[in-house]
Amino acid sequence: MAFLEFKNVKITGLSVAVPKKISIINDKTIETSKYSAEEYSASVGVYQRRVSDTLTTGDLCYWAAEKLISDLSWDKSGIEAIVFVSLSPDYMQPATAGIIQDRLGLTKECFAEDILLGCSGWVYGLCNAASLVSSGCIKKVLLMAGDAKFRAKHPLDPLFGFAGTVTALEYDESATPVRFHMGTDGSGYDALIIPDGGARNQLSESSFKIDNVDGKLMHRVQSRMKGMDVFSFGITTVPKSFKKFCEHFNITLDNFDYYVLHQANKKMNDAIVKKLRLDSKKVPYSLHDYANTSSASIPLTIVTELKDACSISNQNILCCGFGIGLSWGTASFVIGPQCCISDLIEVEEDGDDKVHII
């Protein structure tokens, strides 16, 4: 069973960068849907999202990192590792982590790796980053997670938004342990898939042929989702993971101040909350303003919805990322006034000098 506990790991800071451009959900943006904009938003919980024609995941994570490093007053020479998690790296190769290492001006001795994961990605990245810090061999790590996907005229567009997040971790012998329960069910790999573009099905002219897939016109380099399979997976797996986590670590759900779920969609998350009989006041949502931001959604929700609570007192948080793979990860940690939560960063479309803090 993939239960893990890491001592000596402190979550020191969190930051988020999003494009400044806002796309409001209206009948035009969901013209491929059988629902009106009002019906769509009421069902999935998305009313607007952040989008960009040019910004990449690497761009957003870079600006989030610059802000957080400044707010923490960290010496860049002391940052020893970058873990970058995304389904939309800046290039097929090389790894985006290395590009950001150079862009930030970090030491060439910096450990840098990419992890190709989506909705469960921040929890997997947190687990990887915590394992690097726990021994004390590496003292400071930046975990970067997010997605900035270009899906021109894609049927799934209104559900997804762009965001890049950075989580700072450092070695601290007084820190509360960070705990995990991880899982994977690869038999459901095709529930969320881009069929072409990898080594299995390489790009060809036929990759861009438009087909009717469950009533949606799309080609083979666009994401395809078996909606009911993913919904069933989410409402079944997350409650089981929470319960197994509590049983293994001999705690109860009542031990936690907040439950932060991956922002898949409102209908799915509401079903999970109902199954677990959670207090809805302790389950924050960021979907309404930022949509489903894949691996960025958990830290984005903490920054935008829990910053005030964390600035007052320590908050014991239980979170779960779940989705593509099929994969999931549950994690618990404590953050409070000693954790630097940066103000949200808005990045303009047309250049590195156009950054706004809100």
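Just after H5, Asn250 takes a positive phi of about 55°. Before going further, a word on the ground rules: this is a predicted model, in which local features need pLDDT of at least 70 and side-chain atom pairs count only at pLDDT 80 or more, while totals for chains, interfaces and linings use all residues. Residues are numbered from 1 along each chain as its sequence is written, and side-chain values use heavy atoms, with hydrogens and water left out.

Helices (H or I, at least four residues) and strands (E, at least two) are DSSP runs, numbered from the N terminus. Helix H5 (residues 227-248) has 22 residues and reaches 31 Å from its first C-alpha to its last, close to the 32 Å expected at 1.5 Å a residue; the expected span is 1.5 Å times one less than the number of residues. Buried residues of H5 include Val230, Phe233, Gly234, Ile235 and Phe242. Here buried means under 20% relative accessible area, exposed over 50%, and partly exposed in between (1.4 Å probe, protein chains only).

Now for the helix pairs. Axes are lines fitted to C-alpha atoms, for helices over the stretch in contact, and angles run from 0 to 180 degrees between N-to-C directions.

| Helix pair | Angle | Axes |
|---|---|---|
| H5 and H6 (residues 266-276) | about 35° | 9 Å apart |
| H2 (residues 57-72) and H3 (residues 96-104) | roughly 45° | within 10 Å |

On the H5 side, the contact with H6 includes Val230, Phe231 and Phe242, and among its H6 members are Met268, Ala271 and Ile272; contact means heavy atoms within 4.5 Å. The residues of this H5 and H6 contact divide into 10 nonpolar, two polar and three charged. In that scheme, Ala, Val, Leu, Ile, Met, Phe, Trp, Tyr, Cys and Pro count as nonpolar, Asp, Glu, Lys and Arg as charged, and the others, Gly among them, as polar.

Between H2 and H3, the contact draws on residues including Tyr62, Trp63 and Ile69 of H2, together with Ile100 and Leu104 of H3. By class, seven residues there are nonpolar, two polar and three charged.

Two single residues are worth a visit too. Ser295 sits in the loop between helix H7 (287-290) and helix H8 (297-305), and is buried, with a relative accessible area of 1%. Not counting residues up to four places away in sequence, Ser295 touches Val85, Ser86 and Trp122, among others.

Glu170 lies in strand S8 (residues 163-171) and is buried at a relative accessible area of 17%. Its C-alpha is separated by 20 Å from that of Lys307, 137 residues apart along the chain.
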